[in-house]
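Let's take a walk through a protein chain together, starting with a pair of helices. Have a look at the sequence and the structure first.

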Amino acid sequence: MEKLEKLLEWGGAKREIAFLAISGAALLASIFDFSPFPFDMAWAAIILCGIPIILEAVVGLITAFDIKADVLVSIALIASIVIGEDFAAGEVAFIMQLGGLLEDLTVARARAGIEKLVHLTPRTARRILDGKEEIIEAGQVQVGDLLRVLPGETIPVDGFIRSGQTSVDQAVMTGESLPVDKSAGDEVSSGTVNMFGSFDMEASKVGEDSSIQRMIRLVQSADAGKAKIVGLADRWATWIVVIALTAAALTWFFTGEIIRAVTILVVFCPCALVLATPTAIMAAIGNATGHGFLVREGDGLERLAAVSRIAFDKTGTLTYGSLQVTAVHSFQKDISQDRLYALTASVESRSEHPLGKAVVRCYKKAAGTDPSVPEQFQMIPGKGVQAAADGEKILAGNESLLAEHHISLPPACMEAAESYRKEGCTIIWVCAEDRVLGFLALSDTLREDGAEMIESLKQTGVVPVLLTGDHKNAARHIAAQLHIDEIHSDCLPEDKLSWIGSYQEKGCQVCMVGDGINDAPALKKAYVGIAMGGVGSDIAVDAADIALVNDDIKEIPHLLRLAQRMMFTIKCNLTFSMTLNFIAIILAITGILNPVVGALVHNAGSVFVIINSAFLLKWNAR
């Protein structure tokens, strides 16, 4: 069904383009008085472009008494035909349909983000009943049921661990780059992934109350609450129709010349007004594409020009989302930092944990060689690893692993590690038998252009905000490096949604920049959503208005300035087109303009609008 809808949609677009091509050729033939038929070739444009406009105007008036720009266009078309000015009628119809096509091309296609979220919902669960394991539909799980989750499986419902230890990838909910260690008594959420150890859990929230279902509802509600910008021509249509009809009627009444009245209707036809916005948007979208942006919503740039705050997710947006070893600290005089690094990399070489993989990757890059393979290896879910190297039993992991082996940490060691934790680092303790050898500190790395980008944004008058699911220390450390003053940490998807809502209730329109599934509701809720298209999830991209395809965040200030420049261009277009129309009306009232000349004069406004908008294609603030 989805493929059929896309096919019909594309077929409709091709039909419009074909009709416009035929109409344009017919109008050229009419200008040069070439017609192999006993009627003016402009009738092709009237039929192909004019009739759809008239039908739409009639339907709008009858069903909802909705007065839009096409009402005035229809009046001008019919009036021109009645007095025999076929070329004027065809030319007006052609220009209006061209503007309509440009607007259609800026509208985003149907998005499948919510469907992809639904696919994240586990379909089955392992229920333990009377000591036996059975596979059931996830929807059949009841509160209080005992469930078993194996390594690599998605957790089917919300609950808490009854027995077992593991690490859970919670990126879908919090955006954190590291799995979180879990043990008995800890809460787990549906949609998150069990990384290593198996565990038994008790279901506490099922069905519509589960975390992943709440995420789906957040995305749906945020999308429904985002208002769409209405075209200026349609907003002013009622007044334009009243003024045009009044001027035409009074001119006919006082002069007795119907041709002057028709000329007024033709020159008042809002062709340039209709073209003013879509031509500028199309040109700006072309410019944005050249800077790595895919504009998915036609009015996304219009809304972007009005934002006063830009909220950033941390992991994968302001940072690379890839852990790096930032420090190696040895507490033993006989073990150098290089030796400790090599020993830890050797122990972790067979680990599947992201921390272990990061240590091995960074060591290979720094040393230019693979670490040695340990003699024995054991992974301890939720705690770390144990291996034999150089004839000794080596432990590498968290403090729980050390406590399990009755290894105490001296105060000096704790103080040294705490200084790194305050910077948002994760610590891997390394021990041999019963002595602490040292630790490795790992952290996500800031994008190189991050600080420059934030400073550039501040120069535009927009306030940057950090909105992240990471812990307070990590958030503060990154914010300090980037000079971001407004920080909101430990945010779940609903928290991000709440913060954006509170800003926008105060009249501060917010642009959200994120990359993960957990950012999807916030991207929908924000006045404008920008997704990192390279590292970001498909769901985040589907939820956003704009995607940054190459993840080059230094281009974000250009996009903001481009949106502001585009709105300036649109205002210039509107001012010029309305001024020209009023001058043409005065000339029509005095009889200086006839319908054909009036149509050509007011089309000069359309040409100006198109040329002025085209300058946006190559515009650059630098």
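Axes here are lines fitted to C-alpha atoms, for helices over the stretch in contact, and angles run from 0 to 180 degrees between N-to-C directions. Helices (H or I, at least four residues) and strands (E, at least two) are DSSP runs, numbered from the N terminus.

The crossing of α14 and α15 is left-handed. That term applies if the near helix is turned anticlockwise from the far one by less than a right angle, and right-handed applies if clockwise.

Which residues make the contact? On the α14 side they are Tyr-341, Ala-342, Thr-344, Ala-345 and Glu-348, and on the α15 side Gly-356, Val-359, Val-360, Cys-362, Tyr-363 and Ala-366. Contact means heavy atoms within 4.5 Å. By type, these residues divide into 8 nonpolar, 2 polar and 1 charged. Ala, Val, Leu, Ile, Met, Phe, Trp, Tyr, Cys and Pro count as nonpolar, Asp, Glu, Lys and Arg as charged, and the others, Gly among them, as polar.

Now for another pair. Helix α18 (residues 450-459) and α23 have axes that come within 9 Å and cross at roughly 20°, so α18 and α23 are roughly parallel to each other. Their crossing is left-handed. Here Met-453, Ser-456, Leu-457 and Gln-459 in α18 meet Ile-556, Pro-557, Leu-560 and Arg-561 in α23. The residues of this contact divide into 5 nonpolar, 2 polar and 1 charged.

## The chain and its cores

The chain has 24 helices and 22 strands. Of its 622 residues, 53% are buried, where buried means under 20% relative accessible area, exposed over 50%, and partly exposed in between (1.4 Å probe, protein chains only). Among the contacts with a separation of 6 or more, 68% come from residues 24 or more positions apart.

In soluble globular proteins, nonpolar side chains tend to be buried together. A nonpolar core is a set of buried Ala, Val, Leu, Ile, Met, Phe, Trp, Tyr and Cys residues joined through side-chain atoms within 4.5 Å. The largest one in this chain has 77 residues, and those with the most contacts inside it are Leu-301, Leu-304, Ile-310, Phe-312 and Ile-556. Helix α23 (residues 556-589) supplies the largest share of this core, 11 residues. What does Ile-556 touch? Leaving aside residues up to four places away in sequence, its partners are Phe-293, Ile-310, Phe-312, Leu-457, Val-513 and Leu-548.

A second, separate core has 26 residues, including Ala-342, Leu-355, Cys-362 and Leu-440. Ala-342 and Cys-362 also belong to the contact of α14 with α15.

| Pair | Separation in sequence | C-alpha to C-alpha distance |
|---|---|---|
| Leu-101 and Ile-17 | 84 residues | 7.9 Å |
| Phe-615 and Ala-284 | 331 residues | 9.1 Å |
| Lys-472 and Gly-424 | 48 residues | 8.0 Å |

Leu-101 sits in helix α4 (residues 86-105) and is buried, at 9% relative accessibility. Not counting residues up to four places away in sequence, Leu-101 touches Glu-16, Ile-17 and Leu-20. Phe-615 lies in the segment after α24 (595-614) and is exposed, with a relative accessible area of 60%. Lys-472, in helix α19 (residues 472-482), is partly exposed at 42%.

## Two residues with a positive phi

Asp-130 has a positive phi of about 55° although it is not a glycine. Asp-130 is in the loop between β1 (124-129) and β2 (132-137). Is Asp-130 buried or exposed? Asp-130 is exposed, with a relative accessible area of 74%.

His-406 is not a glycine either, and its phi is positive, about 60°. This residue is found in the loop between α16 (399-404) and α17 (411-421), and His-406 counts as exposed at 76% relative accessibility.

## How to read the values

Residues are numbered from 1 along each chain as its sequence is written, and side-chain values use heavy atoms, with hydrogens and water left out. Because the model is predicted, local features need pLDDT of at least 70 and side-chain atom pairs count only at pLDDT 80 or more, while totals for chains, interfaces and linings use all residues.

How values were computed
Angles under 35 degrees count as roughly parallel, over 145 as roughly antiparallel, 65 to 115 as roughly perpendicular and the rest as oblique.
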